[in-house]
Amino acid sequence: MRIKAQYNQHQVQELDDNPLCSAIPVLSDKSSILSALKKSPRINKSFWALPEVYQQTELLKLDYLHVPVPQLYALYNKFVSFIFHGYRLYNAMGAERRRLQIDIALTARNDKYFTICNDVARTTSNSVLVSGHSGTGKTTAIRAGLSLIPQVIEHEEFNSVSFKQDQLVWVSFDLPATSSSKALALNFFAAVDQALGTGYYNEWKDKSHRSVDRHLGQMQLIAVNHHLGLVHIDEIQFMLEYKKQKDAPSFVVLEALFNKLGIPMVLSCTSMGRESLLADSKRMDFTTARRLLNNREFKFSIFRLGDSFFTCLLYTSPSPRDATLS
C-alpha cells in the first residue's frame, strides 16, 4: 500500500516530532484489525443446482478464505512498535543521517559493507522469530499483519521544511534456496522494486562480477536511502542447507546488514528449522542468538479438531449477501 503522507497526532507526543513516525496511521482496536483481514468469498446462491464443473469452480474460491489467526493482533502491535522505536532513534532530516548515507555509499564503492552505526542509540535493533510447522500460516499471518501498515509513504514537506522522500516502511522477502549472498541481495532488490517501482534488480542481476560485499553494501545503501523501517526474512531454515558453503548468508551477515543499522528484523522458519538452527552452536553463538531473538518468539501450531479457531475457520458466518453450502 502506497499513501501520501498525512501527519497524525499520536498518543505518544515524541512520535509526532518525527515525520517517519508521524505519517504512520495506527489501528488500536483489536476487532477492527481482525475484521479488516477477514475474507469470506461469496459462493453462488444456486450452488447445489449447478453442474459439477461449476461447483468445483466455485469451490476454488475457498482458496481466498482467510480467518486471521489468534496471534495476528499481537504480531501487528509488535511490528508497529518495532517500526516506531527504530525510527525515533534518529532524525531523518538531520545531518547525522546524511553522513551515514554517505559513509555507506563510500564503503560499498570500496567493495565492503558497513558494520558500525553511530547515529542511533543502539547498534543492535529488536528482532523477533516466528516459527511453526509448514502450512500453519506463519508467512500469511506475518504478511497480513504487515499489509495493515502502509508500505510506502510519499513525503513532500514536514513542518514547512522540504522532505521529498519515498519512505519504505517495511519489506518482506525470502532467503534464497541457493547458497549465495548475491542471491540474497537480488531477492531484497526485487522486493524493494515491487514496493517502490525502482529498478534495482535489473541493475544488479547482471553484475555477478561484483563482490559479495559490494552487493551487501548496496542493500544497506538502499535501506538507509529509503528509511527502511522493518525487514521480514522468510525461510530462514534454508541456512541449514548451505551452512558449509563459502560466502553463504549467515546470521552474522543478517545482523550486520540490518540490526547494526537499527533496522528491526522479523525472521520466520519451520519448527524443524528453528530447532536445528538454535542447536547448531557452530553456526550461531550465544551472543548472536541473543541479539537476533532479543524480543519475543511466536510459535504457530496445528489446531486440533474442536479448537475454537478451527471451528471459527470452518464455520465462519457469511454475510447476508452470501450463500452457505449447507
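How many bridges join strand 1 to strand 3 (residues 152-158)? Read on through the close-ups of this predicted model, where local features need pLDDT of at least 70, side-chain atom pairs count only at pLDDT 80 or more, and totals for chains, interfaces and linings use all residues. Residues are numbered from 1 along each chain as its sequence is written, and side-chain values use heavy atoms, with hydrogens and water left out.

**View A. Strand 1 alongside strand 3.** Three bridges join this parallel pair; strands here are DSSP runs of E, at least two residues, numbered from the N terminus. Across from K4 sits E154 of strand 3.

**View B. The open sheet with strand order 1-3-4.** Its three strands show mixed pairing, where a pair takes at least two DSSP bridges between the strands. Strand 1 (2-4) and strand 4 (161-168) are the edges, each with a single partner strand, so one side of each has no neighbour in the sheet. From one strand to the next, the twist averages 10° (axes are lines fitted to C-alpha atoms, and angles run from 0 to 180 degrees between N-to-C directions).

**View D. Strand 2 with strands 7 and 8.** Strand 7 (residues 265-270) runs parallel to strand 2 over six bridges, and S268 is the bridge partner of V130. Strand 8 (residues 296-300) also pairs with strand 2 in the parallel sense, through five bridges, with F300 opposite G132.

Methods
Helix = DSSP H or I, 4+ residues; strand = E, 2+ residues; numbered from the N terminus.
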